[in-house]
Amino acid sequence: MRGAIRPRSSTRPAARWLLEPHLSPLRLIIVGAVHVAQPLAEMAGIAGFAVTIVDPRRAFATEARFPGQRLVVGWPDAAVGELAPDARTAVVTLTHDPKLDDPGLVAALVSPAFYIGCLGSARTHAARRTRLTERGIAAATLDRLHGRSACGSARARRRRFAVSILGEIVTVLRGGGAAA
C-alpha cells in the first residue's frame with residue numbers, strides 16, 4: 001500500500017515502546033442505488049471496505065435491495081460532503097444521470113479520496129468533463145476521474161462489472177492504475 005505504516009519499536013532511556021499504527025477503515029461511497037451497486041457493495045464489504053450507498057430516491061435505496069449496508073437517502077453533493085471522504089475513501093458514481101452523478105463528483109473531487117470513479121463511454125466521459133469544467137473544476141483535478149464503460153444490465157454482467165470496478169479501486173489503493 002502507498003505510504004504503508006508498519007509497527008516499529010523505539011527505545012528511550014529507561015523505557016521500550018511499541019508503536020503500532022491504527023489506520024482508519026477503508027471506505028467506499030457509492031452514489032446511485034442501481035443494479036451494479038448491489039454486487040459492488042457486497043464484494044467491497046467482503047474486501048474490507050465500509051460501504052455507504054447514497055441516493056435521493058427512496059425507492060432505490062432500501063434495506064431490501066441492500067441488506068446490511070449503510071444507506072443515505074439524500075442528494076449526492078450534500079451526502080458526500082457530510083461523509084467527508086479521506087485518503088482511505090473511494091467514491092463511485094453509478095447512476096448515469098448527470099443531475100445525480102455530477103454533484104457527487106464535484107464533492108468528491110474537492111476531497112482527498114484516493115479513487116473517484118464514474119460510468120460511461122468515452123463520449124459520455126468527455127461530456128462529463130465538459131460539464132464539470134463549466135462548473136469550475138480544473139482539468140488537472142478532472143484527471144483524477146476514473147471512467148468505466150457500462151456493460152449492460154444482465155445479472156452476470158453486473159457482477160463482472162462490479163468485480164472490474166472493485167479491482168480498479170484496489171489497484172489504485174495499492175499504488176497502480178492511472179485515471180482514465
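The expected span of a helix is 1.5 Å times one less than its number of residues. This tour applies that rule to a predicted model.

**First stop: helix α4.** Select residues 122–134, which form α4. This helix has 13 residues and reaches 18 Å from its first C-alpha to its last, close to the 18 Å expected at 1.5 Å a residue.

Next, display the side chains of His-125, Arg-128 and Leu-132, which are buried in α4. These residues lie on the same side of α4 because they cover an arc of only 60 degrees around the axis. Then turn to the other side of α4, where Arg-123 and Glu-134 are exposed.

What covers the buried residues of α4? Select α3 (98–109), β7 (115–119), α5 (139–142) and β8 (145–148), which are included in that cover.

Before leaving this helix, select Gly-136, which follows α4. The phi of Gly-136 is positive, near 95 degrees.

**Second stop: helix α3.** Now select α3, one of the elements covering the buried residues of α4. From its first C-alpha to its last, α3 reaches 15 Å with twelve residues, close to the 16 Å expected at 1.5 Å a residue.

How many of the twelve residues of α3 are buried? Nine of them are, and α3 is thus described as mostly covered.

Finally, select Asp-97, which caps the N-terminal end of α3. A side-chain oxygen of Asp-97 lies 3.1 Å from the backbone nitrogen of Lys-99.

Key
Residues numbered from 1 in each chain as written. Predicted model: local features only at pLDDT ≥ 70, side-chain atom pairs only at ≥ 80, totals over all residues. Heavy atoms only, no water. Helix = DSSP H or I, 4+ residues; strand = E, 2+ residues; numbered from the N terminus. Buried < 20%, exposed > 50% of the residue type's maximum accessible area, 1.4 Å probe, protein only. Arc of directions from axis to C-beta. Contact = heavy atoms within 4.5 Å. Polar contact = N/O pair within 3.5 Å; in protein donor to acceptor, adjacent residues only side chain to side chain.
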